[in-house]
Amino acid sequence: MKRVECIVRPHLLDAVKAALQEAGVTGMTLTEVKGFGRQKGHTETYRGAEYRVEFLPKVKVEAVVPEELVDAAVDAILKVARTGKFGDGKIFVSALEEVVRIRTGERGEAAV
Amino acid sequence: MKTTVGKVGAFAAALGALLLFAATARAEDEVVGLSSGDTAWVLASAALVMLMTAPGLALFYGGLVSQRNMLSTLMHSFFLLCLISVQWVAFGYSLSFASGGLVGGLDHLFFRGVGQEGAPLAPTVPHLAFAMFQGMFAVITPALITGAFAERMKFSVFVVFSLLWATIVYDPLCHWVWGGGWLGALGTLDFAGGTVVHISSGVSALVAAIVIGKRSGYPRRMFPPHSLTLTLVGGSLLWFGWFGFNGGSALASNGLAAHAFVTTHIAAATTGLAWALIEWAHRRKPTVLGAVTGAVAGLVAITPAAGFVTVPAAMIIGLGCAVVCYLGVNTLKPRLGYDDSLDVFGVHGLGGTWGALATGIFATTSVNAAGRDGLLYGNPGQLWAQFVGVAAGWGLAIVGTAAILGAIRLFTPLRVSEEQEVSGLDLTLHGEAAYNVGAGVGTERI
């Protein structure tokens with residue numbers, strides 16, 4: 001089992017969720033985050049002073065999927081989250097040591 | 001006395017003796033000459049001015065600070081409502097309005113001699129009503145200063161500072177202008193407190209901000225308001241209450257009160273509008289913060305003039321205020337670098353100064369026969385009288401504030417620790433949180 005973690009633009013959250021579900025992903029977790037990479041921040045003015053705001057609002061969606069679904073999941077995200085401009089985000093795929101379903105106590109692939 | 005109980009007991013005994021002394025003063029029961037209309041309006045105005053402090057100013061300031069300092073900021077205003085009310089009844093009113101030279105005497109300790117009969121300065125209104133109305137002004141003035149040292153002052157220091165300031169700056173200045181002192185005798189006009197309330201608090205705020213120093217991280221990082229929604233609510237309550245602040249200062253339910261009501265409103269509206277337009281042109285986006293600040297600044301500027309100038313003059317005063325205060329807040333402060341966190345000097349200090357001087361220009365006896373004519377009506381001497389008042393206000397504020405803070409600093413640091421400042425005063429000074437979403441979860445009673 002692998003963890004597929006993506007950080008994407010907030011307004012594309014609905015599209016990412018739908019695409020993942022269509023690809024066969026049955027559950028996911030959402031966190032609202034701030035971050036930056038190559039995307040330039042913006043300036044805000046308060047009481048006559050200007051400030052550079054680099055950390056921009058993004059959303060992080062994580063899902064734990066069986067190994068066979070990883071490529072489909074990544075492709076699904078890429079298809080809907082790419083706009084071609086700086087700030088589209090990133091996808092991280094990592095190995096998972098153990099997964100347990102709390103309700104039943106199942107472990108491993110059966111728990112995904 | 002070594003024990004705390006012993007000390008509290010001795011204090012209570014002394015207080016009890018004093019109250020007994022005050023209570024035995026015979027209550028005069030002359031009710032001849034009172035006007036029910038005047039009395040009703042002054043009482044209502046007193047309540048309106050109270051609303052300006054709590055929750056008006058409390059929310060106006062509260063919304064401007066960070067979430068973790070909301071309660072500390074609210075506490076400043078609310079605590080002062082209690083503290084200064086007690087100080088006022090105990091001796092503040094006496095120092096301000098009893099007869100005396102530089103300061104009033106002690107004739108009216110604990111409102112001794114302040115009864116249901118007409119007030120010396122307002123014979124158609126019960127003395128109690130007049131004293132209470134004035135008391136609300138005494139409450140809000142030190143509360144205004146708190147904006148300058150928001151988010152970093154120790155609570156004990158704030159209490160001692162405010163109590164001393166009310167006693168050695170507000171009460172004497174009030175006496176000088178309204179209580180029979182030398183500025184009133186000189187002919188300085190101050191309808192509702194441009195000098196007594198706004199210059200005193202605004203200039204004191206600047207001194208306090210400089211003495212206490214900048215917030216950790218200022219000016220490098222942005223300190224955005226955590227709730228402009230609440231700031232707008234507070235600012236609107238201030239505007240509403242100001243009808244009592246200025247309208248009630250006519251001390252009568254009459255044409256002058258109506259006049260002051262209107263000049264107050266139109267100055268607020270003009271300045272709010274002008275500020276929004278200036279900001280729209282200057283920064284390409286008009287802000288809620290700008291509009292509300294503009295309205296409050298206009299209210300400050302019209303305060304000394306409300307019952308002395310014409311309605312069109314009130315609009316001109318509002319326009320001038322928008323320019324002066326917009327520059328003060330958006331240019332002067334960032335350029336000079338002091339951390340007057342909530343722009344008390346920019347709004348009250350500068351707005352009050354402009355308003356006081358403008359009164360010397362636009363005052364006319366055609367509006368208020370008991371006033372004077374200003375520069376525009378052939379009396380340039382009035383501008384001089386206003387300037388003296390402004391200078392006296394600035395001087396007393398600077399000297400008084402610097403002296404009090406300097407004295408307190410001999411005993412204890414004025415600021416909280418860096419760690420407390422970063423964690424927020426609500427938690428570290430008050431053990432509370434303003435917004436308690438899910439806070440009880442996972443706790444355990446000891």
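Guide: Two residues are in contact if their C-beta atoms, placed from the backbone, lie within 7 Å. Keep that in mind as we go, and remember that the model is predicted.

Visitor: At what angle do α4 and α5 of chain B pack, and how far apart are their axes?

Guide: Helix α4 (residues 127-145) and helix α5 (residues 155-177) of chain B pack at about 120°, and their axes are 10 Å apart. To put a word to an angle, call it roughly perpendicular from 65 to 115 degrees and roughly antiparallel over 145. The two helices α4(B) and α5(B) are therefore oblique to each other. Their crossing is right-handed.

Visitor: Let me try another pair. What is the geometry of α10(B) against α12(B)?

Guide: Helix α10 (residues 288-302) and helix α12 (residues 344-362) of chain B have axes 7 Å apart and pack at an angle of about 40°. That angle makes α10(B) oblique to α12(B). As for handedness, α10(B) passes α12(B) in a right-handed crossing.

Visitor: And which residues of α10(B) and α12(B) meet there?

Guide: α10(B) brings B:Thr293, B:Val296, B:Ala297, B:Val300, B:Ala301 and B:Ile302. Facing them in α12(B) are B:Val347, B:His348, B:Gly351, B:Gly352, B:Trp354, B:Gly355 and B:Ala358. By class, the contact of α10(B) with α12(B) divides into eight nonpolar, five polar and no charged residues.

Visitor: Now α2(B) and α8(B): at what angle do they cross?

Guide: Roughly 155°, with the axes of α2 (residues 36-64) and α8 (residues 228-247) of chain B coming within 7 Å. So α2(B) is roughly antiparallel to α8(B). The way α2(B) passes α8(B) is a left-handed crossing. Their contact has 19 nonpolar and 11 polar residues, and no charged ones.

Visitor: Over to chain A. In what order do its elements run from the N terminus?

Guide: They go β-α-β-β-β-β-α-β. Chain A is more spread out than a compact globule, because its radius of gyration is 17 Å, well over the 13 Å that the globule rule gives for 112 residues. Along the principal axes, the C-alpha atoms of chain A fill a box of roughly 60 × 30 × 20 Å.

Visitor: How do I read the sheet, and what is the strand order in chain A?

Guide: Here's the general idea: in a regular strand the side chains alternate between the two faces of the sheet. In chain A, four strands form an open sheet, ordered β2-β5-β1-β6, with antiparallel pairing. β2 (29-35) and β6 (90-95) of chain A are its edge strands, each pairing on one side only. Neighbouring strands of this sheet are turned by 25° against each other on average, direction ignored. Helix α2 (residues 70-81) of chain A packs on the sheet, touching β1, β5 and β6 of chain A, and its direction makes about 5° with that of β1(A). Inside the sheet, β1 (residues 2-8) and β5 (residues 56-65) of chain A pair over seven bridges. One landmark is A:Glu5, whose bridge partner in β5(A) is A:Glu62.

Visitor: What about β3(A) and β4(A): how many bridges join them?

Guide: Five, between antiparallel strands β3 (residues 42-46) and β4 (residues 49-53) of chain A. A:Thr43 has A:Arg52 in β4(A) as its bridge partner. Two residues lie between the strands of this hairpin, and A:Arg47 there takes a positive phi near 55°.

Visitor: Last one: how many residues of chain A are in contact with chain B?

Guide: Seven, and they touch nine residues of chain B. On that side of chain A, β3 and β4 are the elements that give two or more residues. The largest share, three residues, comes from β3(A). By class, that side of chain A has three nonpolar, two polar and two charged residues.

Note on methods
Residues numbered from 1 in each chain as written. Chains lettered and ligands numbered in written order. Predicted model: local features only at pLDDT ≥ 70, side-chain atom pairs only at ≥ 80, totals over all residues. Pairing = 2+ DSSP bridges. Nonpolar A, V, L, I, M, F, W, Y, C, P; charged D, E, K, R; others polar. Axes fitted to C-alpha atoms, helices over the stretch in contact; angles between N-to-C directions. Parallel < 35°, antiparallel > 145°, perpendicular 65-115°, else oblique. Left-handed = near helix turned anticlockwise from the far one by under 90°. Rg over C-alpha atoms; globule rule 2.2 N^0.38 Å.
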